[in-house]
Every structure is written in C-alpha cells, then in structure tokens.
Amino acid sequence: MAFCAVTASAQVIVSTDARRDYVVVDLYSGETIDIYYDTVTWRTINRVNTLPVDYYIIRYTDVTQKPDTVHGVTGLIVNDLIMKAEDGKWMFNDGKVKWDGSELKMKDKYGRKVKWENGSMKIKDWNNKYKNEKGDGAKYKEEWDKIKWKDHEMKIEQGTQKTKIEN
C-alpha cells in the first residue's frame with residue numbers, strides 16, 4: 001500500500017510497504033498505526049479500527065530528523081501550530097491557524113500562506129522587499145510565488161521581480 005501526505009511546502013511524502021523510512025504514530029496514544037487517506041470524505045482513517053485520525057506523528061527512522069505532526073484532514077505538517085486543550089484534545093492554536101472544519105488558513109514561521117479547502121490547496125511563498133536606507137532611492141521587491149494543488153495537479157506561478165532606482 002502507498003501512503004502520501006502533502007506538507008505545507010507542497011512536498012509529497014510517499015512510502016510503500018516494501019520500504020518505509022518512517023512510522024506513523026497516533027498523537028493521543030503514542031501507538032504505531034496504519035492509516036490511509038479517504039479522498040471522498042477528506043479524512044485520514046486508521047486501518048485497524050476504521051476511525052478518523054485527527055492528528056498523527058510521522059517518526060522518521062533517521063534519528064537525526066525531527067518528527068512531524070500532521071493534520072489528518074488536510075495532510076499538512078502542523079508542527080508548532082497545535083495545542084492541547086483542557087479536555088485533553090489537540091486543536092489548532094487559533095492565533096496561528098483559522099480552521100472551520102472545511103477550510104484552513106495559516107501563515108507559517110517562514111511567511112508562507114497556506115489555504116486548504118476540500119482537497120484543494122494554495123500556497124503563497126515568501127515575499128522579499130528591500131529599500132535602501134542610505135537614501136539613494138533604490139528599491140527592490142519580489143512578489144509571492146504561488147503554488148496551487150488540486151486533484152493531483154500542481155501549478156507553480158513564479159513571482160515577478162521588480163527593481164526601482166530613483167535618481
């Protein structure tokens with residue numbers, strides 16, 4: 001069986017039963033689980049008990065690589081974006097992520113903006129701006145790169161670079 005998770009940077013993690021570079025761990029129990037992603041209901045499902053998995057951990061066999069926490073609905077890596085509520089349930093930190101059950105919007109620590117809705121994902125990547133403080137009027141701006149993913153199709157729009165020098 002193949003497993004695929006889409007990360008916030010539009011990377012796809014794929015593994016087969018023949019070669020596994022990681023194990024999937026239930027965030028609540030700490031137990032290793034076998035999962036699949038249901039593209040009809042947009043849910044990650046535990047193969048053994050057939051229940052939805054809200055969050056899980058990808059623990060890599062390479063011990064130098066830190067584990068990643070994944071949101072079961074979107075497949076996005078959500079390290080540092082979730083917190084444990086008083087009732088013991090894990091949930092998104094509302095200050096970092098907006099989630100209404102069918103649409104997710106977040107901005108990560110690198111400035112990328114991610115929007116996920118019903119299997120479609122859009123990512124706006126880093127924006128660089130520079131203004132020369134020496135007063136010679138030089139300005140530099142690089143607009144957002146955009147990545148759109150829908151139905152196994154990915155489009156990448158390269159941002160434009162603008163340089164303006166005022167004399």
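Predicted model: local features only at pLDDT ≥ 70, side-chain atom pairs only at ≥ 80, totals over all residues.
Here a residue counts as buried under 20% relative accessible area, as exposed over 50%, and as partly exposed in between.

Searching the whole structure turns up three of them. Arg47 is involved in one, its side chain meeting that of Asp34 with a 3.4 Å gap from N to O. Arg47 sits in the loop between strand E5 (43-46) and E6, whereas Asp34 sits in the loop between E3 and strand E4 (35-38), so this bridge ties together parts that are 13 residues apart in sequence. Asp34, at a relative accessible area of 34%, is partly exposed as well.

Another salt bridge joins Arg43 to Asp54, and here the closest N and O atoms are 2.8 Å apart. Arg43 belongs to strand E5 and Asp54 to the loop between E5 and E6, so to speak two distant parts of the chain, 11 residues apart. Neither end is hidden away: Arg43 is partly exposed at 23% relative accessible area, and Asp54 is partly exposed at 35%.

Then there is the bridge between the side chains of Glu103 and Lys115, with 3.5 Å from N to O. It links distant parts of the chain too, with Glu103 in strand E11 and Lys115 in strand E12 (residues 113-117), 12 residues apart. Lys115 has a relative accessibility of 31%, which makes this residue partly exposed.

Strand E11 (residues 103-107) also holds Lys107. Leaving aside residues up to four places away in sequence, Lys107 touches Lys96, Arg112 and Lys113. The C-alpha atom of Lys107 is separated by 9.6 Å from that of Ile123, a residue 16 places away along the chain.

On to the strands themselves. Three of them make up an open sheet in the order E3-E6-E7, and the pairing is antiparallel. The edges are taken by strand E3 (22-26) and strand E7 (68-71); each has a single partner strand, so one side of each is left without a neighbour in the sheet. From one strand to the next, the twist averages 30°. Within this sheet, E3 and E6 pair in the antiparallel sense over five bridges, and Val25 has Ile57 in E6 as its bridge partner.

E4 and E5 also run antiparallel, joined by four bridges. Tyr36 finds its bridge partner in E5, namely Ile45. The two strands E4 and E5 form a hairpin with four residues between them. Trp42 lies in the loop between E4 and E5 and has a phi near 60°, a positive value in a residue other than glycine. Most residues other than glycine have a negative phi. As for accessibility, Trp42 is partly exposed, with a relative accessible area of 23%.

Asp80 shows a positive phi too, near 65°, again in a residue other than glycine. Its setting is the loop between E7 and strand E8 (82-84). At 58% relative accessible area, Asp80 is exposed.

That leaves the aromatic rings. Four aromatic pairs are counted. Tyr55 and Phe92 have ring centres 5.7 Å apart and planes at 75°, so this pair is edge-to-face, the cut-off for that class being over 60 degrees. Tyr55 lies in strand E6 (residues 55-60) and Phe92 in strand E9 (residues 90-92), so the pair ties together parts that are 37 residues apart in sequence. Both partners are buried: the relative accessible area is 6% for Tyr55 and 4% for Phe92.

Ring pairs extend this contact into a cluster that links Trp42, Tyr55, Phe92, Trp99 and Trp116. The cluster thus brings Trp42, the residue with positive phi in the hairpin turn, into a group with the buried ring of Tyr55.

Key: Residues numbered from 1 in each chain as written. Heavy atoms only, no water. Phe/Tyr/Trp six-rings, centres within 6.5 Å; stacked < 30°, edge-to-face > 60°. Buried < 20%, exposed > 50% of the residue type's maximum accessible area, 1.4 Å probe, protein only. Contact = heavy atoms within 4.5 Å. Pairing = 2+ DSSP bridges. Axes fitted to C-alpha atoms, helices over the stretch in contact; angles between N-to-C directions. Salt bridge = Lys/Arg side-chain N within 4 Å of Asp/Glu carboxyl O.
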